[in-house]
Structures are given as structure tokens and as C-alpha cells.
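Please keep the sequence and the three-dimensional view at hand while reading.

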Amino acid sequence: MLTKRIIPCLDVKDGQTVKGINFVNLRYAGDPVELAKRYDAEGADELVFLDITATNEARQTMINVVESVAKQVFIPFAVGGGIRSIEDIRVLLCSGADKVSLNTAAVNNPELIQKASQAFGSQCITIAIDSKREDNDFYVYINAGTKRTDKKVLDWVKEIELLGAGEILLTSMDADGTQSGYDIDITKLVSDNTNLPVIASGGASSDPGTFYDVFANGHADAALAASVFHFDTLKIVDLKHYLNNRSIEVRL
Amino acid sequence: MSLSILDYGAGNLKSIINVLEYLNYKYKIITSTSEINNSKILLLPGVGHFGQLMNHFSASNLIEPLKDYIQSDKPFLGICLGMQILFESSEEAPGEKGLCIFPGKVVKFTKGKVPQIGWNRISITPGNKILTEDYFYFVNSYCVKTDNKEIIAATTDYYDTFVSAVEKKNLLAMQFHPEKSGKAGLKVIKRWLEHVN
């Protein structure tokens with residue numbers, strides 16, 4: 001059967017990985033290519049690069065990173081951050097990215113999802129949704145979580161599915177950064193109400209139980225995490241053994 | 001020996017090119033009938049739409065040259081859609097004919113999330129020397145159903161069992177993406193190239 005995926009996320013600024021990195025034996029700890037190779041060797045199933053500068057000036061730097069990663073790491077990876085147009089998507093895919101992740105631009109211009117999936121195939125169009133709980137419901141936020149929209153998460157999920165999205169990267173803003181576990185409520189709600197694969201994000205901790213929980217109870221298809229892997233407080237291979245021992249099928 | 005990669009406009013060739021360069025193989029990108037006829041080893045990577053690809057081949061008069069090439073038992077590697085079009089038809093494009101190299105049709109997954117995205121295990125047919133019992137990366141909404149048991153090289157379970165690789169002499173075609181399957185995928189591509197070279 002299809003395995004559950006573990007996806008490290010690398011925040012890239014001006015061509016360098018940011019957030020603290022504790023890996024030993026890395027010649028260039030901040031080099032995204034070196035980190036990607038390391039994660040690949042440790043058993044990551046996929047990678048996500050988030051361009052957190054995402055200005056026009058930094059775009060070329062990110063493209064260089066994408067090209068270098070694609071030449072040396074042979075597992076799938078997605079790129080997100082500041083992608084606004086079909087041309088942006090084309091350049092990243094042609095540089096070697098397997099998927100792009102759209103967030104703000106998709107909300108502002110839903111037609112972009114349809115055009116992109118028709119041009120490049122649904123499989124490479126991931127829609128990132130930043131969700132926040134309010135008044136017993138969940139709302140979509142954009143602009144890196146700074147701007148609330150009137151869209152309810154489940155309505156948006158239905159919409160993007162019809163527009164041709166291939167996958168959902170669901171970040172719970174309520175759980176993000178807390179290291180107290182993934183948000184099971186929203187993950188389960190979305191996963192049970194869409195036919196698209198759901199990558200859960202936000203709240204991972206060094207306790208592998210948080211990952212078990214989001215797979216077993218949140219019904220996520222993949223789990224994304226950044227700092228627990230960057231800081232080496234949880235090794236991917238240990239996490240996978242933990243999950244495997246509890247009947248969550250993973251690639252070992 | 002030089003490898004030919006058939007470019008049909010829609011597929012992203014970058015991934016397979018990166019693997020060939022990593023493995024130190026020379027390649028050229030080809031688009032025409034004469035180039036197909038002159039190929040010694042032909043690779044057809046594929047993402048995209050069954051109907052669009054067959055329409056492109058039809059409009060470019062590539063269907064017969066491709067069929068001739070494959071039926072001459074010259075080395076052919078098909079990936080994803082490059083496997084599916086070897087069969088007769090697909091639910092992705094009703095009414096559209098495939099290359100009809102093998103009997104069988106391509107059907108949409110009816111259970112679970114669609115597309116299937118991620119790593120899944122293949123079970124190989126005993127005696128296969130190219131593939132390995134390992135996890136490979138899949139991204140597909142459709143899969144092959146065929147009654148020709150002799151060509152089945154591997155099967156995979158996604159709620160139901162489907163054909164994840166077929167093989168016949170120097171032809172190997174896979175539903176998964178070996179170029180995106182880490183070490184396991186590199187090993188398969190390397191073994192096949194060594195086998196046919």
C-alpha cells in the first residue's frame with residue numbers, strides 16, 4: 001500500500017537555509033543542497049523549499065538552488081513562496097522542481113489553479129492553505145498568515161479540488177510553532193472531505209507520537225515539519241521506525 | 001552509446017536528464033521520425049494527458065515510427081504515461097487509441113485518494129533482473145489493466161492490485177518514476193542501461 005510521507009521543509013533566504021541547523025559533518029550547514037542530500041540519505045520521502053524572500057531579485061537565486069538540488073537529489077521536491085504566474089511556475093518546473101506550492105496567488109486569482117493544472121498537470125500543483133480557527137470554524141489566511149480572508153477552509157478545499165489542484169498542504173496557524181502536536185481537528189476535517197492527498201503542517205514536536213497522531217487520527221497522507229528535523233531533535237529514520245512499529249506503513 | 005529521449009512538448013524532461021548526467025550517460029533530445037528510426041536506445045518519460053500525447057504523436061506522424069521501433073525489440077524505456085500509451089486505450093481519453101503494442105487498457109483508480117501520490121512497494125515477477133522489491137515514487141490517477149500475464153514485471157497495491165511495470169525483451173516500462181525514486185530508482189535505471197548497452 002501507499003506509504004505515509006515524511007517531508008522536511010527548508011526555508012530558504014537568499015540562497016541559504018535559515019533557522020538553526022545542528023547537523024554535524026556538514027561542510028556548509030546553510031547550503032540547501034547539502035541539507036537536501038542529508039535529508040534524502042536519512043529517509044525523507046519528499047522535500048519542500050519555501051522561498052521566504054520571494055522578491056524578484058531573489059527569484060534567480062532560488063532558481064539556481066532548484067537546479068542544483070535537482071541535479072544531485074533524486075527524490076521529489078516542491079517549491080513555494082511568492083509564486084504568482086504561469087510563467088513563475090514554468091520556470092521552476094523547467095529548473096527541476098517537481099511541484100509548486102501556491103497560496104496567496106491562488107486565493108487572489110483562483111483561475112491560476114485551473115490554468116496551471118491544465119498547462120502542467122494537476123500532480124504538480126499543490127495548494128497551500130493557512131488555516132485559523134475562529135468562532136468554531138476555520139478560515140483561510142493569506143500573505144504569510146497576516147491577512148484574514150472570508151473564505152472558510154472547507155469551502156476553499158472544495159473550490160480548489162474543482163479547479164484542478166493536485167494536493168493540499170494544510171498549515172494550522174493555531175498549532176504552528178507550538179510544538180504541541182499537529183492540529184488533528186482541521187487535518188481530519190479536510191482529509192475526510194476531499195479526495196486530494198493532504199500534507200499536514202504545523203505543530204510537529206520531537207515526540208514521534210505527534211506524527212502518529214496526525215496519521216492515525218488526523219487521516220493525513222503526509223506530515224511536514226521543519227525545526228524538529230533542522231535541530232536534529234528527531235531523526236527521520238527513528239521516526240519512521242516508530243511509525244512502522246505502530247502499523248503506520250512508511251518507506252524504510 | 002548515445003541514448004535518445006523523445007520530447008513531445010508537454011513532459012518535463014529535466015528529471016530524467018539529471019539522472020542520465022549523474023550516471024554519466026550521453027543523450028540527445030529527439031522529436032522526429034528519422035531520429036526515432038536512428039535511435040539505438042529510446043526513452044519516453046511521461047507526465048501529461050493520454051489524449052494529448054497521442055494527438056501529438058498523430059499530428060507529428062510519429063505513431064507508426066514509434067510502433068515500428070518498439071516492435072523491432074530495440075531498447076525502449078517508458079515511464080508513467082510512457083508506459084500507459086503502450087496499451088490500447090485509456091479512460092483518460094475515451095475513444096482515443098493508444099499505441100496498441102500490448103493488449104489492455106488504462107483505467108482510473110476507483111478507490112482511495114486520486115491521484116495516488118507517494119512511495120509504494122512493487123512486487124516483482126520472479127526472475128526479473130532489472131527491478132528490485134522496493135519502494136518507488138508514484139504519481140498517477142490511472143493504471144494499467146492487462147490480461148497478458150507474460151509481460152507483467154511488477155504489481156503494486158493501491159486498494160486493488162495494478163500493473164506497475166511491464167517488460168518484454170529490451171522493453172521496460174514503469175508506472176512509477178524511477179528518476180524520482182532515490183537510490184532504488186537510480187539502481188533500476190542503471191541496471192537497465194547496462195542490460196541493453
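How many helices and strands does chain A have? Chain A has ten helices and eleven strands, and its radius of gyration of 17 Å is close to the 18 Å that the globule rule gives for 252 residues, so chain A is as compact as a globular protein of that length. The model is a predicted one, and the values below are to be read with that in mind.

**Confidence**

- The mean pLDDT of chain A is 91, and 94% of the residues of chain A reach 70 or more.
- Over residues 20–27 of chain A, however, pLDDT stays under 50, and for this stretch the model has 13 contacts beyond four places in sequence.

**Overall form of the chains**

- Taken along the principal axes, the C-alpha atoms of chain A fill a box of roughly 45 × 40 × 35 Å, and 51% of the 252 residues of chain A count as buried.
- Among the contacts in chain A between residues at least 6 apart in sequence, 67% join residues that are at least 24 apart.
- Chain B has six helices and 13 strands, and its radius of gyration of 15 Å is close to the 16 Å that the globule rule gives for 197 residues, so chain B is as compact as a globular protein of that length.
- The C-alpha atoms of chain B fill a box of roughly 40 × 40 × 30 Å along the principal axes, and 49% of the 197 residues of chain B count as buried.
- For chain B, 67% of the contacts between residues at least 6 apart in sequence join residues at least 24 apart.

**The interface between the chains**

- Across the interface, 25 residues of chain A are in contact with 26 residues of chain B.
- On the side of chain A that touches chain B, the elements that give two or more residues are helix H2 (56–72) and helix H3 (86–95) of chain A.
- The residues on this side of chain A divide into ten nonpolar, seven polar and eight charged.

**The nonpolar core**

- The largest nonpolar core holds 146 residues, of which A:Val100, A:Ile168 and A:Ala223 touch the most other members.
- When neighbours within four places in sequence are left aside, the residues in contact with A:Val100 include A:Ala78, A:Val79 and A:Gly80, together with A:Ile83, A:Ile89, A:Leu92, A:Leu93, A:Cys124, A:Ile125 and A:Thr126.
- A:Phe211, found in helix H8 (residues 209–216) of chain A, counts as buried because 29 C-beta neighbours lie inside 10 Å.
- Beyond four places in sequence, A:Phe211 is in contact with A:Ala204, A:Ala223, A:Leu239 and A:Leu243, while A:Tyr242, 31 residues away in sequence, is 9.6 Å from A:Phe211 in space, C-alpha to C-alpha.

- S3(A) runs parallel to strand S1 (residues 5–13) of chain A, to which four bridges join it, and the bridge partner of A:Cys9 in S3(A) is A:Val48.
- Four bridges also join S3(A) to strand S4 (residues 77–80) of chain A, again in parallel, and there the bridge partner of A:Val48 is A:Ala78.
- In helix H1 (residues 32–42) of chain A, the buried residues are A:Pro32, A:Leu35, A:Ala36, A:Arg38, A:Tyr39 and A:Asp40, and just after H1(A), A:Gly43 takes a positive phi of about 110°.

- Most residues other than glycine have a negative phi, and most peptide bonds are trans.
- A:Asn143 is not a glycine, yet has a positive phi of about 55°; A:Asn143 is found in the loop between strand S7 (137–142) and strand S8 (147–152) of chain A and, with 13 C-beta neighbours inside 10 Å, counts as partly exposed.
- B:Lys169 has a positive phi near 50° and is found in the loop between strand S12 (160–168) and strand S13 (171–174) of chain B, where, with 10 C-beta neighbours inside 10 Å, B:Lys169 counts as exposed.
- A cis peptide bond, with omega of about 5°, joins B:Val114 and B:Pro115, and B:Pro115 is found in the loop between strand S6 (105–108) and strand S7 (116–121) of chain B.

How values were computed: Residues are numbered from 1 along each chain as its sequence is written. Chains are lettered from A and ligands numbered from 1 in the order in which they are written. This is a predicted model: local features need pLDDT of at least 70, side-chain atom pairs count only at pLDDT 80 or more; totals for chains, interfaces and linings use all residues. Two residues are in contact if their C-beta atoms, placed from the backbone, lie within 7 Å. Ala, Val, Leu, Ile, Met, Phe, Trp, Tyr, Cys and Pro count as nonpolar, Asp, Glu, Lys and Arg as charged, and the others, Gly among them, as polar. A nonpolar core is a set of buried Ala, Val, Leu, Ile, Met, Phe, Trp, Tyr and Cys residues joined through C-beta atoms within 7 Å. A residue is buried if 20 or more other C-beta atoms lie within 10 Å of its own, exposed if 12 or fewer, and partly exposed in between; C-beta atoms are placed from the backbone. The radius of gyration is taken over C-alpha atoms; the globule rule is 2.2 Å times the number of residues to the power 0.38. pLDDT is the predictor's confidence in each residue, from 0 to 100. Two strands pair if DSSP finds at least two bridges between them.
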